[in-house]
Amino acid sequence: MRTDLDPDELGAGSFYKLLTSVVVPRPIAWVSTRSASGVDNLAPHSFFTVSCVDPPMVQFTSVGTKDSLRNVRETGEFVVNLAGEPMFEQINATGTNFPAEISEFSAVGLTTEPSRTVAPLRVAESPVALECRLERDIELGDSTVVIGRVLHAAIDSDVFVTDERGNSLPAIDRLRPLARLGRNEWSTIGKVLEITRIPHEQWPGHYTPPTG
């Protein structure tokens with residue numbers, strides 16, 4: 001048996017809570033921006049993903065018009081910092097509705113470091129920073145999708161491992177990313193499952209047409 005729910009009957013607020021309870025886990029974009037007047041801002045956004053491969057782009061969604069969105073529109077730049085488990089309480093604290101003239105970096109005790117290609121600062125404690133230039137923003141109802149072209153990636157050297165094929169890539173157990181769930185729940189990486197895709201030609205019972 002299923003429970004049928006109509007978004008119009010539930011209302012936007014109730015259905016939002018439902019969506020964030022079932023669209024899980026959600027990676028977190030810890031977005032740093034700088035206002036036109038020079039105030040640095042840092043906020044977590046849990047509607048976040050890759051938008052494009054070539055050229056590389058990422059996106060986050062601002063529900064309503066918050067400081068991150070205003071700053072990106074003013075300057076055209078932002079940085080996505082990886083939200084890692086060791087910074088759990090500080091990440092949550094940067095979600096507090098501080099006045100626009102207060103920098104979350106200072107308020108929650110984080111260390112800043114300069115970016116290479118954009119003005120917004122990076123979180124020094126975060127192992128990954130993606131420096132982005134605004135590609136476009138798309139208004140959808142009460143929210144705005146912010147798409148940024150990745151200009152530069154700065155990644156801590158000690159999170160890389162080399163696999164059996166000689167590829168050097170960040171390891172999930174060294175990044176230790178957090179994700180958002182429903183209500184006030186968050187998650188860590190937990191148990192990691194690994195499986196390879198099966199090429200069609202190797203699929204069990206694969207039909208091979210006769211030749212000749």
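Where is Val23 found? In this predicted model, Val23 belongs to the loop that runs between α2 (12-22) and β1 (26-27). Its relative accessibility is 47%, so Val23 counts as partly exposed, given that this class lies between the 20% limit for buried and the 50% limit for exposed residues. Together with Leu19 and Val22, Val23 makes a nonpolar surface patch of about 260 Å².

The UniProt record, an unreviewed entry, places the feature "domain: Flavin reductase like" at residues 21-169.

His45 is found in strand β3, which comprises residues 40-45. With a relative accessible area of 6%, His45 is buried, because the value falls under 20%. The side chain of His45 is joined to that of Ser68 by a polar contact of 3.1 Å. Leaving aside residues up to four places away in sequence, His45 touches Pro27, Ile28, Ala29, Val31, Phe60, Thr61, Ser62 and Ser68.

The protein as a whole may now be considered. Its secondary structure comes to 6 helices and 14 strands, and its C-alpha atoms fill a box of roughly 75 × 50 × 35 Å along the principal axes. Of its 212 residues, 34% count as buried. Among contacts between residues at least 6 apart in sequence, 57% join residues at least 24 apart. The protein exposes about 13400 Å², of which carbon and sulfur atoms supply 51%.

Technical notes:
Residues numbered from 1 in each chain as written. Predicted model: local features only at pLDDT ≥ 70, side-chain atom pairs only at ≥ 80, totals over all residues. Heavy atoms only, no water. UniProt positions renumbered as here; feature names shortened; annotations may be inferred. Helix = DSSP H or I, 4+ residues; strand = E, 2+ residues; numbered from the N terminus. Buried < 20%, exposed > 50% of the residue type's maximum accessible area, 1.4 Å probe, protein only. Polar contact = N/O pair within 3.5 Å; in protein donor to acceptor, adjacent residues only side chain to side chain. Contact = heavy atoms within 4.5 Å. Patch = residues over 30% accessible without salt bridge, like charges linked within 9 Å, V, L, I, M, F, W, Y side chains within 5 Å. Areas by Shrake-Rupley, 256 points an atom, 1.4 Å probe, with all protein chains shown as cover. Salt bridge = Lys/Arg side-chain N within 4 Å of Asp/Glu carboxyl O.
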